[in-house]
Amino acid sequence: MSAATPLPQERRLVTAIPGPKSQELQARKLGAVAAGVGTTLPVYVSRANGGVLEDVDGNSLIDFGSGIAVTNVGNSAEAVVAKASEQLAAFTHTCFMVTPYEGYVAVAEQLNELTPGDHDKRTALFNSGAEAVENAVKVARAYTKRTAVVVFDHGYHGRTNLTMGLTAKNMPYKQGFGPFAPEIYRVPVAYPYRWLTGAENCAAEAAAQAIEVINKQIGAENVAVIIIEPIQGEGGFIEPAKGFLPAIVEYAKANGIVFVADEIQTGFCRTGQWFACEDEDIVPDLITTAKGIAGGLPLAAVTGRAEIMDAAHAGGLGGTYGGNPVACAAALGAIETMKEQDLNGKAQRIGEIMLGRLQAMKEKFAHSDRVRIGEVRGRGAMIAVELVKPGGKEPDAAATAAIAKACHAEGLVVLTAGTYGNVLRFLPPLVIPEHLLAEGLDILEGAFAAV
């Protein structure tokens with residue numbers, strides 16, 4: 001079968017998971033790769049397309065992970081492959097800061113157009129989400145002449161030194177890697193399911209608490225930037241209660257603070273909109289993007305108000321590989337695919353199917369004495385279930401791991417998340433066929449019944 005042959009959109013298991021060839025490669029990995037680079041499921045992929053991953057043993061697995069929300073357009077979208085291949089044959093690198101090229105400019109133009117707000121914008125390109133967040137902080141500090149950075153409980157922003165400090169969860173992201181960068185402050189977030197006085201009070205009370213911490217412990221006049229994920233990813237797909245984000249945006253605007261929407265996981269049609277902050281009509285000062293931007297090639301960006309983005313001096317932003325020409329070509333192909341195939345609409349359809357099935361599972365297992373779904377949440381193709389022990393809301397990380405393991409054994413790739421390790425998160429490619437989506441949900445339901 002040639003590389004150009006379409007991959008059958010079917011689950012197929014011909015060996016145990018992982019198979020013998022994957023086990024051989026895993027043994028090589030253990031002898032060659034640093035132990036700190038972990039693997040969720042040691043199944044070594046040979047090809048991928050649509051909603052399936054084919055491994056070296058010939059197994060075909062249903063993909064509910066998308067490489068952590070990277071392959072929104074699929075793993076080998078036609079326009080991505082064509083444009084990247086054409087650029088690869090022309091040249092692979094010159095460094096935009098030395099001798100520039102059109103692709104970088106074209107991607108910046110697309111981002112300036114697609115991101116929320118009709119104000120004048122500028123974009124800078126980088127390699128990874130963490131790098132984009134770090135540069136957003138640099139830009140905000142240059143613009144405001146202030147130093148303090150405010151982030152939120154349960155937030156995740158990366159693994160570099162600065163972004164580890166911004167990230168809330170200790171293990172595995174921060175343990176043993178300090179000291180971290182200074183002038184970082186964490187405030188409460190509106191987590192409806194776990195808000196002590198009830199979800200109905202969550203938005204107003206959480207916003208008031210966050211603002212009080214900033215005013216009393218930091219001083220608004222010292223804050224350069226407030227950074228938040230419109231739906232918190234690694235924290236457990238927490239969607240802040242409606243009204244919380246607008247309140248924080250209003251506070252930032254009133255106090256001359258740069259508001260950054262970290263849309264690295266939520267962006268590019270993942271939630272059924274180009275960007276998740278559009279749900280409450282939020283127009284951020286700066287927006288960070290990566291993951292789904294380029295169909296799997298490394299690319300990231302900071303886009304925002306021209307007067308803020310232009311505050312950094314010439315030479316202050318950049319990097320050798322930032323905005324690599326092949327990655328830029330892939331991004332243009334990915335954006336073209338999102339538009340032509342209406343991936344926002346497809347994400348909304350995925351959400352309808354998944355939320356309905358998962359809510360039915362929640363009700364089916366409501367009286368289980370082993371595991372229960374405490375909450376089903378999310379938007380579009382960014383959906384999660386939070387698992388709790390029977391009789392309350394105590395997080396059940398063990399059951400979460402067991403269900404994920406059972407899904408993996410049956411050929412369904414799922415991911416876990418959450419500050420408490422008790423969330424199953426689902427990020428299928430937006431091009432996944434509906435029959436695979438349904439089959440994956442059947443496997444998940446079977447795992448709940450078996451655990």
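A charge counts as sitting over a ring when NZ of Lys or CZ of Arg is within 6 Å of the ring centre and within 35 degrees of the ring normal.

This is a predicted model, so to speak of local features takes pLDDT of at least 70 and side-chain atom pairs count only at pLDDT 80 or more, while totals for chains, interfaces and linings use all residues. Residues are numbered from 1 along each chain as its sequence is written, and side-chain values use heavy atoms, with hydrogens and water left out.

**View 1. Lys174 over Phe180, and Lys393 over Tyr193.** Here the charged end of Lys174 sits over the ring of Phe180, 5.6 Å from its centre. In the other example, the ring of Tyr193 has the charged end of Lys393 over it, 4.3 Å from the ring centre.

**View 2. The cis peptide bond between Gly178 and Pro179.** Going from Gly178 to Pro179, the peptide bond is cis, with omega near 5 degrees. Pro179 belongs to the loop between α6 (161-166) and β6 (184-187); helices (H or I, at least four residues) and strands (E, at least two) are DSSP runs, numbered from the N terminus. Glu183 is also placed in the loop between α6 and β6. Its phi is near 60 degrees, a positive value in a residue other than glycine. Glu183 has 31% relative accessibility and counts as partly exposed, given that buried means under 20% relative accessible area, exposed over 50%, and partly exposed in between (1.4 Å probe, protein chains only).

**View 3. The cis peptide bond between Ile17 and Pro18.** Ile17 and Pro18 are joined by a cis peptide bond, and omega is about -5 degrees. Look for Pro18 in the segment before α1 (20-32).

**View 4. Ala69 and its positive phi.** Ala69 is in helix α2 (residues 66-69). Phi is near 70 degrees for Ala69, which is a positive value in a residue other than glycine. With 1% relative accessibility, Ala69 counts as buried.

**View 5. The aromatic pair of Phe91 and Tyr101.** Searching the whole structure turns up 8 aromatic pairs. One of them, Phe91 with Tyr101, is edge-to-face, at 5.9 Å centre to centre and 65 degrees between the planes. Both Phe91 and Tyr101 are in the loop between α3 (78-90) and α4 (102-114), 10 residues apart. Rings of Phe, Tyr and Trp (its six-membered ring) pair if their centres lie within 6.5 Å; planes under 30 degrees apart count as stacked, over 60 as edge-to-face and the rest as tilted. Phe91 is partly exposed at 30% relative accessibility, whereas Tyr101 is buried at 10%. Phe91, Phe96, Tyr101 and Tyr104 make up one aromatic cluster.
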